[in-house]
Amino acid sequence: MVSDDGSWHGSGRWQDVHPDGRPAGAPVRLADLPAAITAREAAEHPRWLWAATTEGYPALLRAGVRVRRCHDVELTEALVLGHAGRWGEPRALAAAWARLTGAPVPADPPPRLPQPPGFAQGALFDALSGPPAAAGSVALEALTRVYADQHGKIAATGQPGRFGLLVAAESAGALVGAEMGHAGLPWRADIHDQLLRDLLGPPQPVGPPRRLAELAAEVNAAFGVHGLHPDSPAEVLRAFSRAGIEVPNTRAWVLRQVEHPAVKPLLEYKELYRIWTAHGWAWRDAWVSEGRFRPEYVPGGVVSGRWATRGGGALQVPKVVRRAVVADPGWRFVVADAGQLEPRVLAAVSGDARLARAGAAGDLYAALAADSFGGDRPKAKIALLGAMYGQTGGAAIPALAVLRQSYPTAFEYVEAAARTGEAGGLVRSWLGRTCPPASTAWREAGLEPPEEAGSAEPQGGASGRARGRFTRNFVIQATAAEWALVLLATLRTALEGTRAELVLFVHDEVGVHCPAEEAERVAEAVRASATKAGELLFGETAVRFPLDVSIVECYADAA
């Protein structure tokens, strides 16, 4: 349903369209839109066509309206542009319409702040951004023609079935993200306050809490200096250098390998400092209200397809702070975590039958160890992570040699992706998400390796090898993100008819808040959705995608 008067304001009307974009039926006044959508949803579950889910769906949710399906033009445009090797170009409707009509392409508008509470018709959709030629055009024509153009481009990809699934899952994810932000994650501010006081001491009018000040003094004493700020990596590196210890950075896993009396208090300081600055009292006052933490999720906000958030840090809540995430009275959390997801994805996409057999086990690393590594599970894990993240030194060398010999098809899959990246080429996920054409830093790309894989960052200006490490993991991590997204979309449908609400999604972990009497049913729905996600992506495969499912009152108690 789209506006047919060239604007998104309250005076507009809204129009049904056929799948090919042709108008169907009489237009609907914006004032009647919530009732019209509710009636249509009950009758036939249409697919709603709109410029961006983030622009209008939150307002509909505040009006008590939910939809089952949509086509998000902006998210789809980003996928289509990426597939064509044009990653990062403007993707808003105004830009897509300009490209289609040969007009100058406007830049995308800056991210919008969350809408204030209450359903305001005038803010349901803001004016179509862009130059007068785009803003004054018929919005119905813009939406329907861009929609038709996108479907033509999807059909022209090498794998239209897969790419179409990616587009549908991305739009479904946008609906889930808006619904999660609307529902909010249950949060006990009183418990959070006590946690902070136990860890940090009471808040101070000026400066850091007492425990941070004490740890800073310990760090200074250990280095024999005064005035060193432990939160400054540059100062810490200089202090280690004066002590005759050269370290490349101040990451926790690097510091743990250093023998020096400053390391213990420094590690504790770093951990508590992050909690104080990222999830301390100021964070609570800004983000928690009426017993709920309501962040703004950004589906597809990372190049790999993983989600991001616009403020609030919802994807990085420390384990100790999760004690404040407590279900409502009589309700429970069903928390599911997909263990060993990326190695299982490699087994599925590579077509390596021997690795797929290991992927059929509950513990892939143990099965791998029994098959090829003499029962040495840590060595098997290092080998697989090293292959996916490009670690080529230390303990990974002999482990990788075993992996190359025993699982040559899987090994070659990531090696080929690395070679393509080193040569400046593009690689794609299983469903067709395409990596950026230019070299991207690990953190910006959201493809940071786990600590077990060691450092895989550029060294000595070896940009080609760095990009190879990036593309090597992109084909796996982006596909893992697709599996999780399809799981989320499938689960959302499975929960219809219950009182359960999706409230948490962190990469490969999903959380549902539900009445206690529905918890077992929800747990089964989560497991079934994981199985279905594997089938939808990979068809018949021996690889299993098991979940660790917990039913808990407090998020911190989840396995």
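# Notebook: helix packing, burial and confidence

I began with the pair H3 and H7: helix H3 (residues 73-83) and helix H7 (residues 160-183) pack at an angle of about 145 degrees, with their axes 9 Å apart. The axes are lines fitted to C-alpha atoms, for helices over the stretch in contact, and the angles run from 0 to 180 degrees between N-to-C directions. Helices (H or I, at least four residues) and strands (E, at least two) are DSSP runs, numbered from the N terminus.

I noted the basis of the entries next. The model is predicted, local features need pLDDT of at least 70, side-chain atom pairs count only at pLDDT 80 or more, and totals for chains, interfaces and linings use all residues. Residues are numbered from 1 along each chain as its sequence is written, and side-chain values use heavy atoms, with hydrogens and water left out.

**Entry: H3 against H7**

I recorded the crossing of H3 and H7 as right-handed. By the convention used, a crossing is left-handed if the near helix is turned anticlockwise from the far one by less than a right angle, and right-handed if clockwise. On the H3 side I listed Leu-75, Thr-76, Leu-79, Val-80 and His-83. They meet Phe-163, Leu-166, Val-167, Glu-170, Ser-171 and Ala-174 in H7. Contact means heavy atoms within 4.5 Å.

I then looked up Gly-181, which is also found in H7. Gly-181 counts as buried because its relative accessibility is 15%; buried means under 20% relative accessible area, exposed over 50%, and partly exposed in between (1.4 Å probe, protein chains only). Gly-181 touches Arg-294, Pro-295 and Tyr-297, not counting residues up to four places away in sequence. For Gly-181 and Pro-295 I noted a C-alpha to C-alpha distance of 5.6 Å, at 114 residues apart in sequence.

I checked the length of helix H1 (residues 33-44). At 1.5 Å a residue its 12 residues should span 16 Å, and the end C-alpha atoms are 16 Å apart, which agrees. The expected span is 1.5 Å times one less than the number of residues. In H1 the buried residues are Leu-33, Pro-34, Ile-37 and Glu-41. Seen down the axis of H1, these buried residues fall within an arc of 100 degrees, so they line one face of the helix. The arc is that of the directions from the helix axis to the C-beta atoms. The face of H1 turned away from the buried side carries the exposed residues Ala-35, Ala-42 and Ala-43. Just after H1, I found His-45 with a positive phi of about 50 degrees.

I made the same length check on helix H6 (residues 139-155): its 17 residues should span 24 Å at 1.5 Å a residue, and its end C-alpha atoms are 24 Å apart, in agreement. The buried residues of H6 include Ala-139, Leu-143, Tyr-147, Gln-150 and Ile-154.

**Entry: H10**

Val-236 lies in helix H10 (residues 233-242) and is buried, with a relative accessible area of 1%. Leaving aside neighbours within four places in sequence, Val-236 is in contact with Leu-228, His-229, Pro-230, Thr-250 and Leu-266. Val-236 and Asn-249 are 13 residues apart in sequence and 9.1 Å apart in space, C-alpha to C-alpha. Arg-238 also has its place in H10, but counts as partly exposed at 48% relative accessibility. From Arg-238 to Leu-228 I noted 10.0 Å, C-alpha to C-alpha, at 10 residues apart in sequence.

**Entry: positive phi in loops**

I found Gln-340 with a positive phi of about 55 degrees, although it is not a glycine. Gln-340 sits in the loop between strand S11 (331-338) and helix H14 (341-350), and counts as buried at 18% relative accessibility. His-507, likewise not a glycine, has a positive phi of about 65 degrees. The loop of His-507 runs between strand S12 (501-506) and strand S13 (509-515), and His-507 is partly exposed at 28% relative accessibility.

**Entry: whole chain and confidence**

I noted 22 helices and 14 strands in the protein chain. Of its 559 residues, 52% count as buried. Residues 24 or more positions apart account for 65% of the contacts with a separation of 6 or more.

The chain averages a pLDDT of 87, and 86% of the residues score at least 70; pLDDT is the predictor's confidence in each residue, from 0 to 100. Among the elements, helix H5 (residues 132-135) has the lowest mean pLDDT (36) and strand S6 (residues 185-186) the highest (98). I marked residues 115-137, where pLDDT stays under 50 and the model has 50 contacts beyond four places in sequence. I also marked residues 439-446, again with pLDDT under 50, for which the model has 25 such contacts.
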